[in-house]
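Okay, thanks for coming, everyone. Let me put the structure up and then walk you through the ligand site and the sheet.

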Amino acid sequence: MATIIVVTSGKGGVGKTTTSASFATGLAQRGYRTVVIDFDVGLRNLDLIMGCERRVVYDFVNVINNEANLNQALIRDKRVENLYILPASQTRDKEALTKEGVERVLNELKVGFDYIVCDSPAGIERGALMALYFADQALVVTNPEVSSVRDSDRILGILASRSLRAEQGDEPVKEHLVLARYAPERADRGDMLSVDDVLEILGIPLLGVIPESQTVLQSSNAGVPVILEDSSEAGAAYSDLVDRFLGKSLPHRFISTQKKGFLQRLFGGS
Amino acid sequence: MRLLDSIFRPPPSKSAALAKERLQIIVTHERGNRRNSPDYLPALKKELLEVVRKYVPIDQSQVKVHLDREDGYEVLELNITLPEEEQRVTQPRPNDGGA
Ligand SMILES: Nc1ncnc2c1ncn2[C@@H]1O[C@H](COP(=O)(O)OP(=O)(O)O)[C@@H](O)[C@H]1O
Ligand SMILES: [Mg+2]
């Protein structure tokens, strides 16, 4: 039976889709049968980040409406074995994601997969609520910036009150913090909230810190999840994150500036 | 070395400290608004369940009670899912028995 993980945040543009793509890819690379679902109805994007946009025939809403079955809609990743993508619909009808429909599709997927990763849209409307409703665990993606942290706290409140687990009084959704787009030198200068600041405010366990990195943009340009760029800092940070999720204890990297020598600082060497 | 360090390194900015302080205040306030779910909710749910059960057989998972608070107003949402028709006819009305 699969574990359902929602990647959520409240705020848009913080790195949910980037994280969903790399997280799902990392799980599949490690041998787990993984499907990643785009819940952003009307604003399909995960397909582009995963590089499978030209192979989309049917989508999530088609399956909910019984216009296609899962086998027809699931896209098998060409690079990584065990990895499947269920794209979002481009329909403008947000009501298309019914609770019953989503539940039926998830139940069907649960049988054949180890992990179901739900890429949530921004906001706290239906798409976001449906993405988190059935979750067992949540990756809360946050940027070190005031509005993102506040929105994450709001989402934590919703996970604790409006998820199926909350409604049934089951064990609560397990929460993980993913601090994305982190710039250690700015945090050190006191211009940006630090890892510790965000942890202190949100009070949930830290799963990973993803540094702000040019490679993320380049890899989305190419349609390659950044975790596959294993020589890049962001890619390595996502690999660590996946390993930690699976139970390894690894130190957090890329969270502090390299200590530069006095002369280096004086003459601006890097 | 200390001295030279402090000469050549710009003083740390207070920007993040201010952000943290403002966030702590607003987040604490907003949590207060949503986490104080009134303590009558579990009892209300239990009594609702008892009342509905006099007429229709339902179980606990079919009654959902949810309180939403936004600035200045509260919405109490009750959601009771009834079973299919066929399952219902076998249930005797509570006062029909006896005598
Ligand atoms: N670690 C990062 N470093 C640099 N840019 C990033 C990083 N993570 C995300 N981005 C960029 O931020 C933008 C929004 O990312 P996306 O994953 O689509 O966010 P969301 O799904 O939360 O809206 C994209 O342009 C993406 O390339
Ligand atoms: Mg997105």
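**Ligand 1 and its surroundings**

So, an oxygen atom of ligand 1 sits 2.6 Å from an N or O atom in the side chain of A:Thr18, and by polar contact I mean a pair of N or O atoms within 3.5 Å. Before I go on: this is a predicted model, where local features need pLDDT of at least 70 and side-chain atom pairs count only at pLDDT 80 or more, while totals for chains, interfaces and linings use all residues. Residues are numbered from 1 along each chain as its sequence is written, chains are lettered from A and ligands numbered from 1 in the order in which they are written, and side-chain values use heavy atoms, with hydrogens and water left out.

Back to the ligand. A nitrogen atom of ligand 1 is 3.0 Å from a backbone N or O atom of A:Pro211, and a polar backbone atom of A:Ser213 is 2.9 Å from a nitrogen atom of ligand 1. On its own, ligand 1 has 560 Å² of accessible area, and the protein covers 78% of that (Shrake-Rupley method, 1.4 Å probe).

Who's in the shell? There are 14 residues around ligand 1, and A:Gly13, A:Lys16, A:Thr17, A:Thr18 and A:Ser213 come nearest; the cut-off is a heavy atom within 4 Å. The shell splits into 4 nonpolar, 7 polar and 3 charged, with Gly counted as polar. Helix α1(A) gives the largest share, 3 residues.

Helices here are DSSP runs of H or I, at least four residues, and strands are runs of E, at least two. Helix α11 of chain A also holds A:Val216, which touches A:Thr18, A:Val226 and A:Ala234, leaving aside residues up to four places away in sequence; contact means heavy atoms within 4.5 Å.

Now the sheet. In chain A, 8 strands form an open, mixed sheet, ordered β3-β4-β2-β5-β1-β6-β7-β8; strands pair if DSSP finds at least two bridges between them. β3 and β8 of chain A are at the edges with a single partner strand each, so one side of each has no neighbour in the sheet. Strands β2 and β5 of chain A run parallel, joined by 5 bridges, and A:Ile37 has A:Cys118 as its bridge partner in β5(A).

Key. A polar contact is a pair of N or O atoms within 3.5 Å; within protein, one must be able to donate a hydrogen and the other to accept it, and residues adjacent in sequence count only if both atoms are side-chain atoms.
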